[in-house]
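Hi there,

Here is the structure I promised to pass on to you. Please open it beside this email and follow along as you read.

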Amino acid sequence: MGRWADFRNGVYEYYAGPYRSALAREKRTEDDYFTLVVLGEALGVPDPAAYYSAEFLPTLYPEFHAWHRRMGMPQSPLDSVSCC
Amino acid sequence: MSPVILMFIGLAIFALGYFVYSKYLARRVYQLDEKFVTPSHELRDGVDYVPTNKFILWGHHFTSVAGAAPIVGPAIAVIWGWLPAFLWVTIGTVFFAGMHDFGALWASVRNKGRSIGALSGRYIGKRGANLFLVVIFLLLLMVIAAFAVVIKDLLISTPTAVIPTWGAIVVALLVGVAVYRMRWPLIPVTIVGVVALYSLIVLGDSVPVVLPESFLGMSPATVWILALFIYGAIASLLPVWVLLQPRDYINGVQLFVGLALLYGAVLVGALFAETEHNVVAPMINDAVPAGTPSLVPLLFVTIACGAISGFHGMVSSGTSSKQLDRETDARFVGYFGAVGEGLLSLGTILAVIAGFRTVAEWEAVYSEFGAGGVNAFVQGGGMLMEDGIGLPASLSATVLATMAVLFAATTMDTGMRLLRFVVQEIGEAARVRITKVPATLVVVVVGLGLTFSQGLGGEGGLRIWPLFGTTNQLLASLTLSIIAVILIRKRRSPWPALVPLVFVFVMSFWAAIDQLSGFADPENADWLLFGLDVVIIVASIWVAVEAIIAMRRAVNDPPEALDADARLEAVREEV
């Protein structure tokens, strides 16, 4: 059974390996867009769905610092979030 | 002579190379250290840097470097006779490609998994890094143009391959959806995918698709080239999981199946078949068709992949080095990866020199330079497989044509994707933001321009081939010079790198000069290729100057301390 599992993992690794970084990059880009949409209201863009999207804010905080650095902002753009 | 003798001689040379020469390189030259912390552990991030089992990494590495080029090059080059091509592929793999790919992997591992482009900046200077961008742009452009023509030729000469070729796209799309969207287990999906592909081959074999003489005023050649560019543009814009990833995977599986079929056919054919195949091609062809360039230097750029290829250095240092589990695995992944590609080239040579029954049949195919190519591989390999393992010649030819088309198409769409990135990078340098679609359009327009530079049938495509080889060898020279500089700095013998470096550089420079007069020939002039050739010659001189300066500096500088890499690690940890 162990060998079969190794073989299965090996085949999956052979499938996924070469594109791992490309997929991770795509996922990050999608997440970045999502973050931008959720933070739209806080950044000054009127958003009719802000009441609902505000619910996502807590889930974004852990990645917020990396996000604003990636977006080219060395310091947090939001007064309410002092991550750096 | 029976092809099986040549096969065993070739295999013996590869085995000696791997068991003797690569061991020498690993112990004396690169001095691999099992305790060295590789970038995959040091910088492990689960994305780029992931320690990977050496067999799987070898599979990735081998399938990334093996495309249509190790088929096209040798299949053209046997026009000078089988001996020169055989020697260059075997000796080239052992002393040139193996040490180059292994060396690029080692150099990158010792430098945080940085790519050859980044290493050229460190060891040869900033100008070296710029030079790298120029060479890589030219290389990718030529790959796109040449491979579009290779595929077009195959689709016209083997119409039975049309359905499996385009059907493979549907199979790949379904595999992609099944794996990532439906979350189905991979092994059954693989089996169904491969069975579906081979069913399409059987279907295509009985339903050949021939385009009408004129479609909207265009010849079949023009239609196929345009269709391929449209496909390539769409494929390169789609998310990778949708098409590129499953296609590469299915192709990888197919590569192993194809290699097994080809070598199996030669072996079984020699032992059991009633119709024995002999090598019908001349050992050295004294009566080459008119217009064939001279063997020296053109042989050494016509067979680039399969002997030595700069592109392998990019794969070694770009992705493989970031996934190497232990430094000692570099020998298996890097050197044996080159041997894998040598095997594909050797299989191609056997198919095109022993697949025909008579010398006259062989000469009819090799009637002019470039006429052989991948079509000869399909025809010859098909005959070998029919007589060897009893697969009907037409079906065998369809199998091989589909294999070659899929390789070429994978290389073409990946090339378009990479070229798009290069265009975007150039835009960034010029402070112009170019988004995905316009960048892809630029790639399509420039690629089509080069492909149609000699007429709407894409006649110029194979004329570009030696120029592609020259550029590829130039890139290999750049990588070898980096390896030589590192070895000199460490006060180890640089000769295993210097000898191939000088040889490859001289041959590719000589070939570039030789081709210049051909492109300027008033009867068959091509000023676009002439311009490209001039750029390559300038780049070659540049490589030579930069490499000599860097090596002189390395000789004069104090030697690098024995524990320099270890100390570098310690500094990194402190930072």
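This is a predicted model: local features need pLDDT of at least 70, side-chain atom pairs count only at pLDDT 80 or more; totals for chains, interfaces and linings use all residues.

Residues are numbered from 1 along each chain as its sequence is written, chains are lettered from A and ligands numbered from 1 in the order in which they are written, and side-chain values use heavy atoms, with hydrogens and water left out.

**Where the chains meet**

The size of an interface is often given as the accessible area lost when the parts come together. Here, chain A and chain B bury about 2000 Å² between them, and 69% of it is on carbon and sulfur atoms. (Buried area is the accessible area, taken with a 1.4 Å probe, that two parts lose on being put together, summed over both.) Of the area that chain A buries against chain B, 43% is supplied by A:Tyr14, A:Tyr15 and A:Tyr19, more than any other three residues.

The contact (heavy atoms within 4.5 Å) takes 20 residues from chain A and 28 residues from chain B. Between chain A and chain B there are six residue pairs in polar contact, both at pLDDT 80 or more. A polar contact is a pair of N or O atoms within 3.5 Å; within protein, one must be able to donate a hydrogen and the other to accept it, and residues adjacent in sequence count only if both atoms are side-chain atoms. On the side of chain A that touches chain B, the elements giving two or more residues are helix 1 (2-16) and helix 2 (20-39) of chain A. Helix 1 of chain A gives the largest share, ten residues. (Helices are DSSP runs of H or I, at least four residues, and strands are runs of E, at least two, numbered from the N terminus.)

There is one salt bridge between chain A and chain B. A:Glu26 forms a salt bridge with B:Arg417, with the closest N and O atoms 4.0 Å apart. The term means a side-chain nitrogen of Lys or Arg within 4 Å of a carboxyl oxygen of Asp or Glu.

**Salt bridges in the structure**

How many salt bridges does the structure hold over all chains? There are twelve. One of them joins B:Asp413 and B:Arg247, at 3.8 Å between the closest N and O atoms. This pair links distant parts of the chain, 166 residues apart: B:Asp413 lies in helix 17 (residues 393-429) of chain B and B:Arg247 in helix 11 of chain B. Both B:Asp413 and B:Arg247 are buried. (Buried means under 20% relative accessible area, exposed over 50%, and partly exposed in between, with a 1.4 Å probe and protein chains only.)

B:Arg357 and B:Asp387 also meet in a salt bridge, at 2.6 Å from N to O. B:Arg357 counts as partly exposed because its relative accessibility is 40%, whereas B:Asp387, at 15%, counts as buried.

**A nonpolar patch**

Finally, look at B:Phe8, B:Leu267, B:Leu271 and B:Phe272, which make a nonpolar surface patch of about 440 Å². Patches are made of residues with over 30% relative accessible area and no salt bridge: like charges are joined within 9 Å, and nonpolar side chains (Val, Leu, Ile, Met, Phe, Trp, Tyr) within 5 Å. Accessible areas come from the Shrake-Rupley method with a 1.4 Å probe; for residues, only the protein chains shown count as cover. Helix 11 (residues 244-272) of chain B provides the largest share of the patch, three residues. B:Phe272 is in helix 11 of chain B and is exposed, with a relative accessible area of 64%.

Enjoy exploring!
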